[in-house]
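I opened this notebook to record what I looked up in the structure, entry by entry. The coordinates come first, and my notes follow.

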Amino acid sequence: MESGPAIFAGTVFALFGAGLLTWTAARLHRREPVAEGVSRIASAALASLAGLASLAAGVWCLMRL
């Protein structure tokens with residue numbers, strides 16, 4: 001009964017994390033800013049940490065099934 005919400009949440013977290021990491025890598029590859037008005041290194045590090053945390057949360061949700 002509770003596997004449906006866990007699958008949904010895990011999928012959403014995993015897709016968001018993968019998308020954020022891909023977007024961050026694409027911006028850095030083109031030497032474009034990740035966030036306006038913020039240091040490139042700081043914004044890339046924060047976006048990467050958020051992407052990894054979201055990806056890890058998605059994997060955690062899917063592993064609890």
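Entry 1, charged pairs. I looked up Arg27 and found that it forms a salt bridge with Glu32, with the closest N and O atoms 2.8 Å apart. The model I am reading is predicted. I then searched the whole structure for such pairs, and the search returned one salt bridge. I noted as background that side chains of opposite charge can pair when their charged atoms come close.

I traced helix 1 over residues 3-29, which makes 27 residues. From first C-alpha to last, helix 1 reaches 38 Å, close to the 39 Å expected at 1.5 Å a residue. After helix 1 I came to Arg31, and I recorded its phi as positive, near 60 degrees.

Which residues of helix 1 are buried? I listed Gly10, Ala14, Gly17, Leu20 and Thr24. I then asked what the buried residues of helix 1 pack against. Their partner is helix 2, residues 40-63.

For the handedness of the crossing of helix 1 and helix 2, I wrote left-handed.

Notes
Residues numbered from 1 in each chain as written. Predicted model: local features only at pLDDT ≥ 70, side-chain atom pairs only at ≥ 80, totals over all residues. Heavy atoms only, no water. Helix = DSSP H or I, 4+ residues; strand = E, 2+ residues; numbered from the N terminus. Expected span 1.5 Å × (residues − 1). Buried < 20%, exposed > 50% of the residue type's maximum accessible area, 1.4 Å probe, protein only. Contact = heavy atoms within 4.5 Å. Salt bridge = Lys/Arg side-chain N within 4 Å of Asp/Glu carboxyl O. Left-handed = near helix turned anticlockwise from the far one by under 90°.
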